[in-house]
Amino acid sequence: MNIGTQSAVKEGAQQSGKNALKLNPTTAPIMGEARHKMIAETAYFLAEQRGFAGGHVLKDWLEAENQVNTLLTKQNDF
C-alpha cells in the first residue's frame, strides 16, 4: 500500500463510520490482498483510536471493511 493510501486509511479510521475514506480517483481498483491489507490497517487504526481496549476485534474489522468497501465503491464511480 502506498503512502497516499495509508494516509487515506488512517484519515478514514479517524472519521465517523458514515464518512468514506478518500483516494486519488486515478488509483486502479484494489482487490485481493491489497483490499485485505487496507481493511486490516483500518481496523488497527480503529482499535488504536479506542486505546486498544479488548473485546472489539470483530466490530473494528466490520467497520473497517465497511469503510474500505465504501471507498472502493466511490473510487469506481469516478
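Q: What pattern does the chain follow when read along the sequence?

A: Read along the sequence, the pattern is α-α-α, and the secondary structure comes to three helices and zero strands. Helices (H or I, at least four residues) and strands (E, at least two) are DSSP runs, numbered from the N terminus. The model is predicted, so local features need pLDDT of at least 70 and side-chain atom pairs count only at pLDDT 80 or more, while totals for chains, interfaces and linings use all residues. Residues are numbered from 1 along each chain as its sequence is written, and side-chain values use heavy atoms, with hydrogens and water left out.

Q: How do you know that the length of α3 agrees with its number of residues?

A: The expected span of a helix is 1.5 Å times one less than its number of residues. For the 20 residues of α3 this gives 28 Å, and the end C-alpha atoms are 28 Å apart, so the two values agree.

Q: What makes Asp60 buried, and which other residues of α3 are buried?

A: Buried means under 20% relative accessible area, exposed over 50%, and partly exposed in between (1.4 Å probe, protein chains only). Asp60 has a relative accessible area of 8%, so Asp60 is buried. The buried residues of α3 are Asp60, Ala64, Gln67, Val68, Leu71, Leu72 and Gln75. Seen down the axis of α3, these buried residues fall within an arc of 130° and therefore line one face of the helix, the arc being that of the directions from the helix axis to the C-beta atoms. On the other side of α3, Leu58, Lys59 and Asn76 are exposed. Of the 78 residues of the chain, 31% count as buried.

Q: Why is the pair of Tyr44 and Phe45 called edge-to-face?

A: Rings of Phe, Tyr and Trp (its six-membered ring) pair if their centres lie within 6.5 Å; planes under 30 degrees apart count as stacked, over 60 as edge-to-face and the rest as tilted. By this rule the count comes to two aromatic pairs. The rings of Tyr44 and Phe45 have their centres 5.6 Å apart and their planes at 75°, so this pair is edge-to-face. Tyr44 and Phe52 form a tilted pair, 5.4 Å centre to centre with 55° between the planes.

Q: What makes the contact between Glu65 and Arg35 a salt bridge?

A: A salt bridge is a side-chain nitrogen of Lys or Arg within 4 Å of a carboxyl oxygen of Asp or Glu. The side chains of Glu65 and Arg35 meet at 3.7 Å, N to O. The pair links distant parts of the chain, with Glu65 in helix α3 and Arg35 in helix α2, 30 residues apart.

Q: How many salt bridges does the structure hold, and what does the pair of Arg50 and Asp60 tie together?

A: The structure holds two salt bridges. Arg50 forms one with Asp60, the closest N and O atoms being 2.2 Å apart. Arg50 lies in the loop between α2 and α3 and Asp60 in helix α3, so the pair ties together parts that are 10 residues apart in sequence. At 29% relative accessibility, Arg50 counts as partly exposed.
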